[in-house]
Amino acid sequence: MKSLGAWRTWAVGAVVLAVAAALLVAVGPRGAGAGEADTASGHRWITDRQGRALVLRGLSTASSAKQAADGMPWIEEKDVARERRALGTNFVRFLLQWRSVEPAPGTYDRAYLERVAERVRWYGERGYHVLLDMHQDLYGPKVGGNGAPAWATETDGLTSAATDPWELGYAEPGTVRAFDRFWGTVEGGGRDLRGHYVGALREVARFFADDDTVIGYDLMNEPWGGSVQGPAFEAGPLARLYQDGIDAVRTVDRNHWIFVEPSAIGANWGFANGLPRLDDPRGDGDAARIAYAPHLYPLPMDLGDGYTGDAKGQVDASLRSWRAQTEKTARRLGAPVVIGEFGLDVGLPGAMEYVEKVQRMADEMGAGIAYWSNDPGSWAPWDADRNPTALLPVLDRPYPRAVAGDPVAYRWDARGRALTVSWRGNRGARGGTEVHLPARHFPDGGRVTGGEQRSWDPKSRVLTVVSRPGANSVRITPRG
Ligand code: 9MR
């Protein structure tokens, strides 16, 4: 009982610290040069094999993989086909589990990676780019979460109770100890757990090094510091793990992007984070391929609130702060940004207004998006019977899938029914700029001004456009 009381005190302390940090963020200097990234330009871009800048739009696949005995998500190939048809997406964040990659210490499950590869192929055949996400919540199944294998969960006899909301489980004693043992921040312990984790990342990268559908690796979902929190965690144990992970991946894979996340609790709400610049053995500047993939769950909504026009302005304040902090960290890392997760119960008041707002913000930032998640149900574009929810038409919107140049800005104006895309140069890219034109807005295809239509495929709903010499901006409106 005594230790339970101590942990409650700890949890309250953490919340107080968090609020203090929020205040600091609120009164602290606005991110220097935040204006630089007010348009889609001003940062680096993830490119496809043809050298075109990618605007990544998609969902995570899937929460169901966390519990599945074989670690596979719920999807069959026909579901991937439906996702492509219904949403026109080009991106998926695919969940992996450490327990499945390394079921016994130093033993890697090739059959598991082959099952993953089969699903990656389903996506690849439909033009997707797949981010492999080493997922965890609450450390692992042995302490009520998912991710880590039981053999890598050391709790010294401490246990974790189920909590509501689930995130509070991060303060449960068994979970905190498991993380502390993983990071090596408490005395004792047996195995070099983080060494094993880095080894598992390397084996995933070795397996997928030549897979062109894979865009990169997300080194750890929503990292948690256990009893070391905030900048001390991010600049310390987390940065060390990331650097070791990057170095290990690069021994087997020189090409794919490596995505890093901040400590979720805090950064998800818009707080500052202390991730330092990381080194890519590929080299500095344009040679480096490190991307930044923070998650976005403004605090009132993380606790289950809707977005009811946000009368008190708390969600909007959280969003502004999140954007400023994200841009600041991305500049420090020299990294493009992908919103690795955002999402909510579609039935909450104002939910669609919120999703539209985040999508507009991502367009302004030139950031990719992976909506959480594609699991049929109340958060998804389809319900348990696979019928569309109110989210489907909101996610299915026109966007440039790949830009043959350096994107300056792109915007879908729903009222004026026009998609505008502008860019600079052509970065030596092969092929034209590809845009997705959903049937709901462009039933008969698009009319292009400022450029020339190269091709239009009414089945995939992809229109390819090239700009006229000297012009760098196209506008596409519905034909007819
Ligand atoms: O939506 C997921 C919920 O059903 C699970 O119970 C929970 C714990 O595994 O995870 C939720 O998904 C979270 C994701 O794993 C990490 N980011 C926040 C997501 C929403 O809470």
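Start with the second largest pocket, which holds about 760 Å³ of space. Keep in mind that this is a predicted model.

**Stop 1: the pocket.** Select Trp166, Glu167, Tyr297, Trp372 and Trp379. Of the 43 lining residues, these lie nearest the pocket's centre. Next, colour α8 (264-267) and α9 (299-302), the elements that give two or more residues to this lining. Now colour the lining by class. It has 21 nonpolar residues, twelve polar ones and ten charged ones.

Stop 2: Move to α11, residues 351-365. This helix has 15 residues. From first C-alpha to last it reaches 21 Å, close to the 21 Å expected at 1.5 Å a residue. Which residues of α11 are buried? Select Ala351, Met352, Tyr354, Val355, Val358, Gln359, Met361, Ala362, Asp363 and Met365 to see them. Then step past the end of the helix. Glycine 366 follows α11, and its phi is positive, near 65°.

**Stop 3: a sheet.** Show β11, β12, β17 and β14, in that order. They form an open sheet of four strands with antiparallel pairing. Look at the edges, where β11 (406-413) and β14 (446-449) stand. Each has a single partner strand, so one side of each is left without a neighbour in the sheet. How are neighbouring strands turned against each other? The average is 15°, direction ignored.

Stop 4: Zoom in on β12 (residues 418-424) and β17 (residues 473-478). How many bridges join them? There are four, and the two strands run antiparallel. Finish by selecting leucine 419 together with isoleucine 476, its bridge partner in β17.

Notes: Residues are numbered from 1 along each chain as its sequence is written. This is a predicted model: local features need pLDDT of at least 70, side-chain atom pairs count only at pLDDT 80 or more; totals for chains, interfaces and linings use all residues. Side-chain values use heavy atoms; hydrogens and water are left out. On a 1 Å grid over the protein atoms alone, a cavity is a set of points where a 1.4 Å probe fits but cannot get out, and a pocket is an open set with protein on both sides within 12 Å along at least five of seven lines; lining residues have an atom within 4 Å of a point. Grid points are joined across faces, edges and corners, and a volume is the space filled by probe spheres set on the points. Ala, Val, Leu, Ile, Met, Phe, Trp, Tyr, Cys and Pro count as nonpolar, Asp, Glu, Lys and Arg as charged, and the others, Gly among them, as polar. The expected span of a helix is 1.5 Å times one less than its number of residues. Buried means under 20% relative accessible area, exposed over 50%, partly exposed in between (1.4 Å probe, protein chains only). Two strands pair if DSSP finds at least two bridges between them. Axes are lines fitted to C-alpha atoms, for helices over the stretch in contact, and angles run from 0 to 180 degrees between N-to-C directions.
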